[in-house]
Amino acid sequence: MNTAVKIRTYQYVTISYDDLIVTRTTASETDAGDLFSLAWSPSFQILYIGCQNTSLQWYDFSDIVSSPNPGSSSSFTDLVSISGTSTPSTIPTRKAHKFFDSYPIYERRPADLFARNTSTGGLPSANSPEPEYPTTMCSHLSLPPTNVIDSAHYGYIYCMALLDSSAGVQLATGSGDESIKLWDCTDQGPNSIHKFECSHGAVLALVAQNETLYAGCQDGYVKVLDLETKTLVRTIIVQECWSASFDCTASWHGHGGIVLSSFIDTQQSSYSVATPTLLVTGGNDNYIKVWEIEPPKRRKDTSSDRRLLPNVDSQSFTDTMTYALSKFISIPSVSSIPSNSEDCRQAAIWLKKCLYQLGATSSLLPTGEGKNPLVLGIFNGTKGDKPKPRVLFYGHYDVIAAPVQGWSSDPFTLTGRNGYLYGRGVTDNKGPIIAVACAAAELLSQRALGCDLIFLIEGEEECGSTGFGETVERFQDSIGEIDAILVSNSTWIGEDKPCITYGLRGVVHCGLEVVYYRPEQISNERPDLHSGVEGDDHVRAQTAEEIALYELLSEVTQQPAASLCSRWREPSLTLHTLEVSGPKNATVIPGIVKSQVSLRIVPDQDLDTIVKALVDYLQSSFKELQSSNKLKINVEHTADWWLGNLDDHWFKSLESAVQDVWGVAPLRIREGGDEAHLPNERISLKNLQKGKAVIEKFLLNVVEKSILST
């Protein structure tokens, strides 16, 4: 049979067990009012109820199915055997509620248990027929007080969405108090774990998809929320058509009132002719409208895959590495293009799941609204009697743009040619990330990982690492103590000459702007300028050993040693752009002039001293001009220089690993080139495989030298 469930407030639901549908009446003595929303958990066999009186309630149906006592009031057998007419004496008695049991104001009647507010579109006439209600009931399902959370919100609970996955069950509730609450569900009931403030009217609709929650608000906004990092991803406007990247592709006036519901029909006709994609909308203007639409191009959905990688048992970690890299490259995580913001987030989600599948514990660390999250993964080494070394591997999953001009193949499709793998990010920096992860996974599978390897992968490196430092400080406890940092984010001076980078110059970015000044004019700050500064004070002198090293590198690269020195160990000042406002006509004097410069600093220059000297010099020089214009200086980003210790056991462990794998001693270099940012970015398959082997050997060496040193 197919029978509706009668609720006290005359709302109906249907509940099914196996192939049997049972009629039950939910009666509550807590005056819950209208039941606005329902959510069913197949895992727990629990029905969650969002109520008008702001309470969240639930009923556990697993007791009904499992109860062996046919005489119990909650017995499944007892429920299906009851039939006939229920008299008023069988209904639990309660007092009338002044609000929930009230009559319309024009009836001027006191509240009672028989009040019904019908929706007839106007005032009922004296001859209006009384509505009929079912009189046969199977049984009452009484919710115990322990199954009620009073004041779960400060408004009606209009909607709910259940997230039932292998990681557990969570419930999202949306309310008239303009908030969304996230609940961790157990067989004992839900526990509140987070609250989102939407601030755009009542939350009327919720849809969950993987790690993303979409919330429809009364004021005409949709909030896109990341459930992993508990952050707002986007705010989009309804009555517009949006692509998978949240780009507005179309908008139109659809109804004369509020659009209350909509769905997209993608079912194909059984006939040979192709059927269009239809959008069906319903509004409070009493119209249902059917729109023929052209759906946007679908993004490759990798986040919903239960297994991102094939079973390692069926193939080597080398095969796993190339397969994973092909998936990673396919996500166009270009951090500098707003339309790729969602791709960056999906890349972070994919990497988190990939690291987890390879054996790490992994999570996303929020960096703030509108910024890409960090991926934190920890491969825990074998426990022993002594403390384990803890090595942090830094990388970035974002890439620079890849215009198709200059590429011989799709930049976001991993392509193999003549022993090389081509694709945006294979070198900078997705290839090294996957190689290091697979190295750790292989050692872990052999129970040979004697140290902890911590992955800290950001998604804003190509845009100045916005929010990175603050996030690392905020999650210091999650990251833990670190003994050494391993980075693979620079290129060699040749593809067949293994290198170890032991030094990097520092950088200062500064923005300059000269504005034609009028007292009534207000000029705007420019937040995205780049700049630099130069200084030659306290530059460390070259040693005889360093001079010999540059002579060797000169022979290998066929470049003058002086050229390598100026590029790697000497400070420099670069003027990048000079931009003027207006039509750029020779007869027009521009009102604004902007410049972008950058400075590289080296050992032993002091970063703060250089920045202060730059600002002071620019201000004093501009003052000498006695100009009526205004100079704006914006120092946006700084990074200090770094020089490694070539004699410590960390460097020796890495140098020994490279020599064992390659058969030759690695070249010691500082900053490499920037070929990774050019079209046809590539990496030698042999280098990728050997890179993985070097990491394995390095981690083994670290543990061995750590034991010897203690």
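Strand S6 (residues 35-41) and strand S7 (residues 46-51) pair in the antiparallel sense over six bridges, where strands are DSSP runs of type E with at least two residues, numbered from the N terminus, and two strands count as paired if DSSP finds at least two bridges between them. Within this pair, Leu-38 has Ile-49 of S7 as its bridge partner. The two strands form a hairpin with four residues between them, and Gln-45 in the turn has a positive phi of about 55 degrees. The model is a predicted one, in which local features need pLDDT of at least 70 and side-chain atom pairs count only at pLDDT 80 or more, while totals for chains, interfaces and linings use all residues. Residues are numbered from 1 along each chain as its sequence is written, and side-chain values use heavy atoms, with hydrogens and water left out.

An open sheet of three strands, with antiparallel pairing, has the order S21-S22-S23. Strand S21 (259-265) and strand S23 (288-293) stand at its edges with a single partner strand each, so one side of each is left without a neighbour in the sheet. Neighbouring strands of this sheet are turned by 20 degrees against each other on average, direction ignored; axes are lines fitted to C-alpha atoms, for helices over the stretch in contact, and angles run from 0 to 180 degrees between N-to-C directions. S21 pairs with strand S22 (residues 277-283) over six bridges in the antiparallel sense, and Ser-261 has Gly-282 in S22 as its bridge partner.

A further open sheet consists of five strands in the order S24-S25-S29-S26-S30, and its pairing is mixed. Its edges are strand S24 (361-365) and strand S30 (484-487), each of which has a single partner strand, so one side of each lacks a neighbour in the sheet. The twist averages 20 degrees from one strand to the next. Strand S26 (residues 390-396) and strand S29 (residues 452-458) pair in the parallel sense over seven bridges, and His-396 stands opposite Glu-458 in S29. Helix H5 lies across strand S25 (374-379), S26 and S29, and runs at about 160 degrees to S29; helices are DSSP runs of type H or I with at least four residues.

Buried here means under 20% relative accessible area, exposed over 50%, and partly exposed in between, with a 1.4 Å probe and protein chains only.

With a disulfide defined as a pair of cysteine sulfur atoms within 2.5 Å, the count comes to zero disulfides. Cys-198 is in no disulfide, and the nearest cysteine sulfur, that of Cys-217, is 4.4 Å away.

Helix H4 (residues 341-357) is mostly covered, with 14 of its 17 residues buried. Helix H4 is followed by Gly-359, whose phi is positive, near 120 degrees.

Note on methods
Contact means heavy atoms within 4.5 Å.
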